[in-house]
Number of protein chains: 4
Amino acid sequence: MIKVGIVGGTGYTGVELLRLLAQHPDVEILTITSRGDAGTKVADMFPSLRGRVDISFTDPAKAPLAQCDCVFFATPNGVAMSQAKAILDAGARIVDLSADFRLKDRAVWEKWYKVTHAAPELIAEAVYGLPEVNRARIKGARLVANPGCYATAVQLALLPLVESDFVDHRSFIADGKSGVSGAGRKAEVNLLFSEASDNFKAYAVHGHRHHPEIVESLQSLENASGRKIGLTFVPHLVPMVRGILATVYARIEREADFQSLYEKRFAGEPFVDVLPPGSQPETRSVRGSNQCRIAVHRPMDGDTLVVLAVEDNLVKGAAGQAVQNMNLMFGFPESRGIDQIAVVP
Amino acid sequence: MIKVGIVGGTGYTGVELLRLLAQHPDVEILTITSRGDAGTKVADMFPSLRGRVDISFTDPAKAPLAQCDCVFFATPNGVAMSQAKAILDAGARIVDLSADFRLKDRAVWEKWYKVTHAAPELIAEAVYGLPEVNRARIKGARLVANPGCYATAVQLALLPLVESDFVDHRSFIADGKSGVSGAGRKAEVNLLFSEASDNFKAYAVHGHRHHPEIVESLQSLENASGRKIGLTFVPHLVPMVRGILATVYARIEREADFQSLYEKRFAGEPFVDVLPPGSQPETRSVRGSNQCRIAVHRPMDGDTLVVLAVEDNLVKGAAGQAVQNMNLMFGFPESRGIDQIAVVP
Amino acid sequence: MIKVGIVGGTGYTGVELLRLLAQHPDVEILTITSRGDAGTKVADMFPSLRGRVDISFTDPAKAPLAQCDCVFFATPNGVAMSQAKAILDAGARIVDLSADFRLKDRAVWEKWYKVTHAAPELIAEAVYGLPEVNRARIKGARLVANPGCYATAVQLALLPLVESDFVDHRSFIADGKSGVSGAGRKAEVNLLFSEASDNFKAYAVHGHRHHPEIVESLQSLENASGRKIGLTFVPHLVPMVRGILATVYARIEREADFQSLYEKRFAGEPFVDVLPPGSQPETRSVRGSNQCRIAVHRPMDGDTLVVLAVEDNLVKGAAGQAVQNMNLMFGFPESRGIDQIAVVP
Amino acid sequence: MIKVGIVGGTGYTGVELLRLLAQHPDVEILTITSRGDAGTKVADMFPSLRGRVDISFTDPAKAPLAQCDCVFFATPNGVAMSQAKAILDAGARIVDLSADFRLKDRAVWEKWYKVTHAAPELIAEAVYGLPEVNRARIKGARLVANPGCYATAVQLALLPLVESDFVDHRSFIADGKSGVSGAGRKAEVNLLFSEASDNFKAYAVHGHRHHPEIVESLQSLENASGRKIGLTFVPHLVPMVRGILATVYARIEREADFQSLYEKRFAGEPFVDVLPPGSQPETRSVRGSNQCRIAVHRPMDGDTLVVLAVEDNLVKGAAGQAVQNMNLMFGFPESRGIDQIAVVP
């Protein structure tokens with residue numbers, strides 16, 4: 001049994017962490033912070049947690065984070081980097097769901113996030129928390145940078161291609177589609193039901209922050225061929241609450257059994273499910289679950305490979321993967337507390 | 001051809017007024033105001049209007065409202081009452097889509113809207129703009145108070161009952177259901193897609209501002225029996241953009257042919273459609289149109305009458321009815337510019 | 001560990017039973033039948049179950065139901081009553097999620113379901129599976145009739161009122177709202193996305209089959225006052241997948257502390273949650289969970305009591321309650337396998 | 001004033017044709033056929049048309065099609081080709097909204113549609129009804145093949161690129177997203193609300209019938225460079241009723257001012273709107289309207305051009321374009337009856 005704390009618990013990744021951690025047999029939720037809602041009972045804000053989470057939000061300044069074994073940051077970008085050192089020094093370990101430690105290249109990070117990094121000395125230590133790539137290093141990490149939601153889906157879709165040499169590495173296209181919860185629990189007009197419902201659009205076509213994260217992470221793969229990666233990434237907003245589908249296009253340069261390539265790469269992975277040939281994964285098949293399901297296609301036997309990957313952006317794309325990382329860090333079975341079956345329909 | 005102005009054009013009733021007025025053959029949209037977006041082209045904010053509305057939002061202080069024949073207020077409550085006198089004095093006529101002039105009882109108004117009324121001298125003059133009740137008076141009005149969306153649907157459902165003596169007038173129940181656009185284009189967490197989608201709830205169960213509007217208006221009907229009206233009204237939020245369904249329950253005291261009662265009451269009404277017996281109207285059958293469709297039921301031949309009324313909350317429940325009132329005020333055919341057929345599916 | 005079988009597993013209650021039973025530690029799913037899809041792997045039809053349910057659908061004639069300890073019928077009405085006797089004779093116990101054994105009055109049942117009952121000799125033995133009323137009898141039952149989805153929500157909302165004497169028992173109104181999954185996984189035009197989305201309507205206003213179920217069950221309560229119950233029930237279709245909200249109206253005859261009445265009645269109930277005064281329960285607060293949440297209101301301190309009850313129609317309204325009944329029948333802790341926290345957002 | 005008939009009026013393109021034609025000042029709807037619903041009043045099936053369309057569905061064998069000036073086929077593929085000759089011989093002209101005459105290459109057509117073509121002698125005469133390409137020929141046509149919904153959006157997005165020489169013509173990628181109404185009003189399980197809502201998936205990844213239509217039409221452009229076109233097309237199902245967004249990717253080979261290229265190509269087009277640089281068109285901006293809105297992007301100034309095109313699949317993608325073609329064929333102003341402003345929100 002470990003004690004955990006959550007910094008920034010009123011957003012969607014926060015409440016999803018609470019859902020998962022409250023059902024985790026080895027975890028006690030010691031504290032959860034909120035600047036704006038300190039004093040409010042968690043279950044008053046999220047009645048779905050009535051009878052399961054009995055604590056109140058605590059002011060960040062007063063939260064007993066130093067007494068935690070593991071602290072989750074479910075905060076906007078910029079918070080974790082200011083607080084990480086003190087927490088690590090107190091002996092706690094950190095899973096940061098924000099973007100603060102996702103990039104190793106500080107200059108790139110500062111360009112995209114438009115602030116000076118507050119803890120550059122921790123960047124090197126932070127482990128990028130994609131277990132399918134970094135499992136061993138996550139186990140020993142003090143500070144894990146939990147990947148972004150799109151970044152998780154796109155990387156899992158691309159991994160077998162980047163680690164081999166059958167397709168062009170410079171012309172990947174990832175057409176991403178996300179449910180609206182990916183934008184967070186923010187009071188913005190463009191996220192209103194009346195704006196997003198019965199509607200579809202692309203956004204951030206000029207450039208999205210997950211682009212450098214994907215490219216840097218894939219480029220630095222130990223097994224990577226070293227070839228330079230080129231990626232066009234266009235995200236779209238889907239009128240649904242949860243779910244990401246990444247449709248990835250790659251130009252085939254040499255023949256291969258791509259289905260087999262994917263099956264072998266992910267054999268034994270508890271949370272990556274390579275579907276049989278011909279499958280077309282649905283986001284709802286992973287709604288509320290930590291699974292990522294992948295299908296591999298070659299339309300009309302042409303030169304373009306199409307890989308489809310679905311995940312729940314709040315689970316494998318955020319809180320579920322964070323708990324998966326925590327399980328690895330603390331020696332729990334990797335699936336503990338995150339083996340819920342998707343809610344269908 | 002008349003000149004019209006719109007005060008407060010960035011909300012949903014504003015853009016809906018623009019959609020209808022831009023297609024009205026007898027209207028020139030002279031000006032539209034916005035405090036926060038002055039200078040922005042209307043079509044930049046609402047690309048659906050590209051090529052059809054070429055003006056920009058104007059600062060309210062600089063808008064040529066005095067040059068208009070008709071000014072629509074699509075503002076939050078409290079604005080119209082501050083500006084109405086000056087506009088009327090300048091010779092323009094007003095259709096106020098807010099609640100400022102809907103109640104005759106100033107004390108009741110101030111209790112529900114929690115401010116002092118700024119133009120009490122105009123309350124008596126204002127005509128409640130429900131054409132099915134006040135058509136003659138609307139024609140001569142300088143100042144029309146456009147009814148609320150729920151208030152329109154519930155009153156049309158109740159009119160034939162209140163004007164006759166077959167059911168108990170003290171125990172009406174109106175179970176209202178509205179699409180999310182009824183709450184306006186406001187950046188509030190509870191209106192986010194991720195909050196309202198795949199979800200259903202009641203709200204304002206303790207009391208909703210349309211309650212006194214409905215009761216006062218029905219109580220004051222010229223044809224009313226004079227019996228005191230009692231109403232329980234519970235609104236609900238439906239995960240759809242547009243549409244209201246009011247399910248109205250009444251206790252039958254004396255036998256009557258209720259189907260016939262409704263058909264006779266609304267015979268000749270251009271925008272009230274009494275459906276054949278057994279019908280169950282859908283909100284989408286009026287989506288984008290100014291129709292209200294009504295069905296009358298007596299479940300299991302019991303003592304309870306059930307009346308179902310649907311409307312588009314932004315058309316017959318707001319902007320469409322406002323244009324209907326303008327048509328009456330300026331002597332245009334009542335349906336001009338608001339005879340669009342509903343968009344189905 | 002008990003062996004269970006599911007008859008009719010390709011509908012929404014079937015797949016929901018699979019989701020819950022596959023996560024139940026004391027259950028082995030021995031067999032699941034489908035007439036049309038025999039031979040198909042369950043996980044091919046429902047990929048959400050990949051890696052969790054490895055069996056295929058079996059032809060009903062060949063399924064080893066006699067080897068089961070518990071058989072669930074997730075079939076259309078009319079199937080369970082034909083097969084129940086043979087299964088009971090083989091020593092298995094039954095939870096019937098269809099309507100075959102929900103009514104004690106055979107004549108009423110045959111009127112509403114329009115067929116002759118095939119097992120009238122079992123009607124008396126069948127126990128109506130609402131644990132909040134019949135917990136003790138369910139424990140000893142061989143045959144449990146699992147309540148309808150609306151019937152569960154409406155009865156839980158009405159129980160404290162019917163068991164006491166503060167409101168008129170003859171004029172209850174239940175305005176029901178259900179997500180579309182309540183209509184089942186049937187290829188019907190009116191259930192298409194393009195018909196049901198962005199739309200709202202009432203249906204079965206003339207009379208719904210859950211009406212006699214509610215009235216008979218409430219009328220026969222041991223604690224009931226004996227007063228005759230009158231109910232008007234109008235169901236509506238909400239553009240969401242899961243969830244029921246019942247808005248129940250009752251005329252107050254004598255003063256009482258209704259909040260306290262509800263809290264006392266449901267104290268200790270694991271799956272009925274009486275919310276604090278002023279609450280307005282959302283269906284999503286129970287999405288995927290077995291909870292029913294109830295709030296009690298008295299709008300504007302008038303004579304009408306308004307009770308709001310939400311449940312997930314596929315969990316507490318169907319499969320979850322079925323597992324709850326199974327838990328009671330086999331002596332497992334009542335919440336085992338059905339204590340999932342709702343998926344929010 | 002011309003007389004028109006509609007063959008197959010109970011689907012979504014049928015009811016959309018009715019909505020538009022009923023508001024068209026130069027058209028009388030003489031007859032509408034339905035095999036299964038002959039005798040039913042159109043307005044009983046589609047209450048949105050009450051008071052606007054007063055005829056009933058007619059048995060196809062009895063419909064006075066020969067008396068029509070223009071006959072629309074809103075039928076499944078295979079019907080128009082059987083009946084076209086007789087209707088043309090009777091002197092009527094035809095707009096076929098099905099796929100029967102969209103391809104010039106009969107062998108390709110028969111491969112994709114899996115039947116023998118019933119009217120091969122008419123294939124050459126049929127004019128592909130994309131006004132932005134074939135306006136002049138449409139004016140003189142007896143038989144117009146109305147383009148498919150995806151085919152319209154993708155071609156409009158690609159036209160300026162295919163007619164010029166700045167990008168690679170062999171590696172186009174079109175990632176298509178469509179609302180569910182594109183699949184028609186068919187009682188299929190996968191189109192149910194409970195299947196399609198809160199869900200997202202790709203479909204027909206192996207090959208979609210609009211693929212050969214797009215390629216053949218673009219390849220045969222009079223202004224085309226003659227270079228061979230290669231296209232990967234992956235359609236996706238969006239949980240919304242109406243709307244298509246095509247995200248088209250092209251590899252830039254030579255520098256150009258692509259924004260200007262698009263603006264010039266579509267200057268003066270009444271129904272193609274090239275948005276300002278940086279725009280990200282929403283499907284709702286064309287909901288219910290005949291507009292196609294296009295934006296041109298070059299993400300991170302790289303080598304990939306991204307073109308976004310939105311349309312309403314039932315209007316510009318079907319019924320609206322059919323009326324546009326009719327207007328051209330009969331010498332009416334091109335926008336007559338199809339100039340409705342989109343319904344937003």
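This is a predicted model: local features need pLDDT of at least 70, side-chain atom pairs count only at pLDDT 80 or more; totals for chains, interfaces and linings use all residues.
**Aromatic pairs and the A–D interface**

Student: Take A:Phe193 and B:Phe193. Why does that pair count as stacked?

Tutor: Their ring planes sit at 10°, so the pair is stacked. The ring centres are 5.5 Å apart.

Student: Where do the two residues sit?

Tutor: A:Phe193 is in helix H8 of chain A, and B:Phe193 is in helix H8 of chain B, residues 193-196. The pair therefore crosses between chains.

Student: Buried or exposed, A:Phe193 and B:Phe193?

Tutor: Both are buried.

Student: What about C:Tyr262 and C:Phe266, how are their rings arranged?

Tutor: That pair is tilted, because the planes are at 50°. The centres lie 6.4 Å apart. C:Tyr262 and C:Phe266 are both buried.

Student: New topic. How many residues are in contact between chain A and chain D?

Tutor: Chain A puts 44 residues in contact with 44 of chain D. The area buried between them is about 3700 Å². Carbon and sulfur atoms give 56% of that.

Student: Which three residues of chain A supply more of its buried area than any other three?

Tutor: A:Asp198, A:Phe200 and A:Met300. They supply 18% of what chain A buries against chain D.

Student: And how many salt bridges between chain A and chain D?

Tutor: Eight. A:Lys177 forms one with D:Asp175, with the closest N and O atoms 3.0 Å apart.

Student: By class, what is on the side of chain A that touches chain D?

Tutor: It has 21 nonpolar, 13 polar and ten charged residues.

Technical notes: Residues are numbered from 1 along each chain as its sequence is written. Chains are lettered from A and ligands numbered from 1 in the order in which they are written. Side-chain values use heavy atoms; hydrogens and water are left out. Contact means heavy atoms within 4.5 Å. Buried area is the accessible area (1.4 Å probe) that two parts lose on being put together, summed over both. A salt bridge is a side-chain nitrogen of Lys or Arg within 4 Å of a carboxyl oxygen of Asp or Glu. Ala, Val, Leu, Ile, Met, Phe, Trp, Tyr, Cys and Pro count as nonpolar, Asp, Glu, Lys and Arg as charged, and the others, Gly among them, as polar. Rings of Phe, Tyr and Trp (its six-membered ring) pair if their centres lie within 6.5 Å; planes under 30 degrees apart count as stacked, over 60 as edge-to-face and the rest as tilted. Helices (H or I, at least four residues) and strands (E, at least two) are DSSP runs, numbered from the N terminus. Buried means under 20% relative accessible area, exposed over 50%, partly exposed in between (1.4 Å probe, protein chains only).
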